[in-house]
Structures are given as structure tokens and as C-alpha cells.
Amino acid sequence: MKTEVVKETAAFVLQGSSYNGCGEPVEVSYAELRTANIGDTWEAYDDNNCGRALKEESAEIVYKTGRGCAVLFRSCGTTDDSSPEDWEDTPELVWYEFA
């Protein structure tokens, strides 16, 4: 008998990083999105204590219905200079439709 394993992929993955490496990835599944509430957030930070080339990410549920949810993604950090400067990307809104 042939057996096949099908694994649900993560809805999205957040990961912080810096000049010294990457932080732990934060995987969010569709099941977590289905049970989450408006205002719930996930955040990924760098855990290397380095202030250069820093990137931090977050995701927040801003709207939800029985059919799906809208997640607002933000990222910010610092440049890779000897005197790092702060930066922030334009927030991105993504709709996740539930099956």
C-alpha cells in the first residue's frame, strides 16, 4: 500500500535578524489564524543583541470574518553602518481566506 503524507504549510513565517545572525523563526498556521482574535499579534526579533543590520517583523490581525482574516505586516530595523540609522517599511495588508 502506498502512503502519502500531506502537511499543511504555515500561513506565514516571521524572522528577525541582525549583522550577527538570525533569530528564531515564528511560524503561524492557518489553524492559529482561525482561532485568533482581532488585535492578536506575532513578533519576531533578533536575539543576537546586535544593533547593526537589524530587522524585526510583526503581524497583527486587523479584521476577521468566518471566511478569513486580514493581517497587517510591519517590519523595521537599522542600517548596516557604524552609526546605524532606523528604518521602517511600508506596512502590508494580506487577506487569508479559510478553506
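When I say contact, I mean heavy atoms within 4.5 Å. What you see is a predicted model.

Start with T78. Which residues is T78 in contact with, leaving aside its neighbours within four places in sequence? They are G51, R52, A53 and L54, together with P84, E85, D86 and W87. T78 itself sits in strand β7, which covers residues 68-78. Its relative accessible area is 12%, and the cut-off for buried is under 20%, so T78 counts as buried.

Side chains of opposite charge can pair when their charged atoms come close.

In one of them, R52 pairs with D80, with 2.9 Å between the closest N and O atoms.

Next, R67 and E97. Their side chains form a salt bridge at 3.4 Å, N to O. This pair also links distant parts of the chain, 30 residues apart: R67 belongs to the loop between β6 and β7, and E97 to strand β9, residues 92-97. R67 is exposed at 57% relative accessible area, while E97, at 43%, is partly exposed.

The remaining pair I want to mention is E57 with K55, where the closest N and O atoms are 3.3 Å apart. Is E57 buried or exposed? E57 is buried, with a relative accessible area of 18%. K55 is partly exposed, at 30%.

Now the nonpolar side. The largest nonpolar core has 15 residues, and the members that touch the most others are F12, L33, W42, V71 and Y96. Strands β1, β5, β6 and β7 each give two or more residues to this core. Which element supplies the largest share? That is β7, with 3 residues.

Take V71 as the example from that core. Not counting residues up to four places away in sequence, V71 touches F12 and L33, then A59, E60 and I61, and also E92, L93, V94 and Y96. F12, L33 and Y96 are themselves among the core members with the most such partners.

That is what I have. Questions are welcome.

Conventions
Residues are numbered from 1 along each chain as its sequence is written. This is a predicted model: local features need pLDDT of at least 70, side-chain atom pairs count only at pLDDT 80 or more; totals for chains, interfaces and linings use all residues. Side-chain values use heavy atoms; hydrogens and water are left out. Helices (H or I, at least four residues) and strands (E, at least two) are DSSP runs, numbered from the N terminus. Buried means under 20% relative accessible area, exposed over 50%, partly exposed in between (1.4 Å probe, protein chains only). A salt bridge is a side-chain nitrogen of Lys or Arg within 4 Å of a carboxyl oxygen of Asp or Glu. A nonpolar core is a set of buried Ala, Val, Leu, Ile, Met, Phe, Trp, Tyr and Cys residues joined through side-chain atoms within 4.5 Å.
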